[in-house]
Amino acid sequence: MSITDLKLGEKAYIHSINGDNKLMKRLMALGCTEGTEICLKNCAPFGDPLVINLRGCDFCIRKKDAKNISIKDNL
Amino acid sequence: MKTAALIGNPNVGKTSLFNTLTGSNQYVGNWAGVTVEKKEGFINEDLKIVDLPGIYAMDTFSSEEKVAKEFLASGEADFIINIVDASNLERNLYLTTQIKEYKTPIILVLNMMDIAAAKGLEIDTDLLSEKLGVTVIPISASKGKGLDELKSLLERGNFLSVSNENDFQFHNEKEAYDYITRLLSTAVKKKDSSRQTRTEKIDKVVLNKFLAYPIFFLMLWLIFEFTFSWVGQPLAGYLSHLVDDVLVPALSSLLSGSSPWFSSLIIDGIVGGVGAVIVFLPVILTLFLGISFLEDSGYMARAAFIMDKAMRKMGLSGKAFIPLIVGFGCSVPGIMTARTLESEKDRKLTALIVPLMSCNARLPVYALFASVFFPGRETTVVFSLYLLGIGLAFLLGMLFKRTIFRKDEEPFIIELPEYKAPELKNLMNHTWDKGKGFLKKAGTLIFSVSVVIWFLSNFNFSGMTDINSSILASIGSFVSPVFIPLGFASWQNAVSLITGLMAKEVVLGTMGVIYGGSLASSIQTHFTPASAYAFLVFVLLYTPCISVIATMKKEFGVRMAAFSVTYQLVLAWVVSAIAYRIAMLIM
């Protein structure tokens, strides 16, 4: 399951980050690491990009990039 | 002299702190080879501060990160001032763990202590200082608290002796973040406050499915009106009125006794050149006041968020929409706004296509030709030119993205910062920075080219003359054959286009002088409807005016400016030739 499968407002723990190296590095530097709580907060009017909340901050991320954040057990 | 590096995440008040510490004592330039602004300032004769770009980490992907990393690695900094958002230490301290590796003393400035307190956070600064091995100083820059303590600390310099044993060697991001989480669980006490924050409430409205776009376009409309109808443009008009109707008559009566070439040099050459520069200033200042307001309030990131899907098609991120829209008013501030984009690729690509947005100065040319050659269909003709510009911008955006910028693709992840009321002092600082930069860097080039064109159009090799027998006329006859496939080859048109380098509306002024008499009737004998349309296409697309070229050179360097001029000339010629053929078939 990836973060894009959540409904708006739902939270989950991060399982792993995939995708290209640049994206992975960037996400992890922002604290997107295994076991961290992540929340899908919002989406743009046409469904893309998304707003995710990570360690108390909101970030805007494109759907195709967000697909690379896989999650485990919904909260 | 000691050098301090100022570093921190974006949106933590870094620039504001830099301005407070250094006052007017600063120098703005570019880091070598990249479009990242380099700011240096002095606290006193013995202490220089270098403002590094706002970054989240140093993983050397973006040009901002590279610049910061290279500067710290060079060992030039004697110590580091690391400013962090006290209300969000978890993410901010990640960068701190990375800069610890440079074994340089660090002053950790906890900014926004007031916001942290409002969020119910209690921070044990002594424990942070001990565990991280840094000097910690809490401040609240917007409330002016703690700044004196910081200044006197910097002046005393006794933080340099602080133990620097604890340099972290984390193997990956997870280790670093786990360490930070453990540290903060002891150093920060949080009184629980799960209530909805102000930012969440505002976002409910501003990012609402139905309201998001109306609100965005309302904001843009307000800024546009403010710049081009209410304040900026009227002020510019007033300035040029002062120059044309007050300064010029005064000077001509003063110079009536001197030789004609001298009074023409002063009045047409120098005053004309200065005028060309200063009329831009009010527009730039008012526009940047508006843009800074959007930026500082936190709204700009939301605009990027809702426009991203559309802009992505041309290889840009959402924020690039704003410079392009500004370009419809004037390309100069459009290109300057492109500097606010996150990635180097976005900045350059946007700046290259901004001039394709048809600016205000081109409208008088369209209006005259359309009314003479296409009576009753003026709107359609003018509208088609605007659409042509937009369409070509899309095509070239996609083309450049796949060719010259292919390797520079960066992941698009931007922070949506909390909303805050912008501080007037910051807005003024930022706005004045832009105006000053334009006057200093672009102004000199605009001025010199104005004087050169004045010279070429008033002289030939035997002395002073009128434009019909000037050097410029000879240049015009020399280049005019180039325009044969475009249908409007004559030295007069060539000269008009060359003087259009000054500003595109000058094309009409020059034609008025060369053709003489009523311009509306004289152009009818020199153009057919098809060649008139081809001419308008050429005016839309050819080399931007000298102010734009000068701005491009200032912001992005000579190579970008040269490329911009060349590609637009080629594009204008090709598209105009095609338009001429098609127009001949239709008309």
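Which strand of chain B does S4(A) pair with, and in what sense? In this predicted model, the partner is S10(B), residues 413-416, and the two strands run antiparallel over four bridges. Within that pairing, Ile61(A) sits opposite Ile413(B) of S10(B).

Now for the wider contact between the chains. Chain A puts in 27 residues and chain B 28 residues. On the chain A side, the elements giving two or more residues are helix H1 (21-29) and strand S4 (57-61). H1(A) has the largest share of that side, with seven residues. Sorted by class, the chain A side that touches chain B holds 14 nonpolar, four polar and nine charged residues.

How far does the predictor trust chain A? Its mean pLDDT is 92, with 96% of its residues at 70 or more.

| Element of chain A | Residues | Mean pLDDT |
|---|---|---|
| Strand S3(A), the highest | 50-54 | 95 |
| Strand S5(A), the lowest | 69-74 | 84 |

Over in chain B, there's a helix pair to look at. H16(B), residues 344-353, packs against H18(B), residues 378-402, at an angle of about 145°, and their axes are 10 Å apart. The crossing of H16(B) and H18(B) is right-handed. From H16(B), the contact takes Leu349(B), Leu352(B) and Ile353(B), while H18(B) brings Ala393(B), Leu396(B), Gly397(B), Phe400(B) and Lys401(B). By class, that makes six nonpolar residues, one polar and one charged where H16(B) meets H18(B).

How values were computed: Residues numbered from 1 in each chain as written. Chains lettered and ligands numbered in written order. Predicted model: local features only at pLDDT ≥ 70, side-chain atom pairs only at ≥ 80, totals over all residues. Contact = placed C-beta atoms within 7 Å. Nonpolar A, V, L, I, M, F, W, Y, C, P; charged D, E, K, R; others polar. Pairing = 2+ DSSP bridges. pLDDT = per-residue confidence, 0-100. Axes fitted to C-alpha atoms, helices over the stretch in contact; angles between N-to-C directions. Left-handed = near helix turned anticlockwise from the far one by under 90°.
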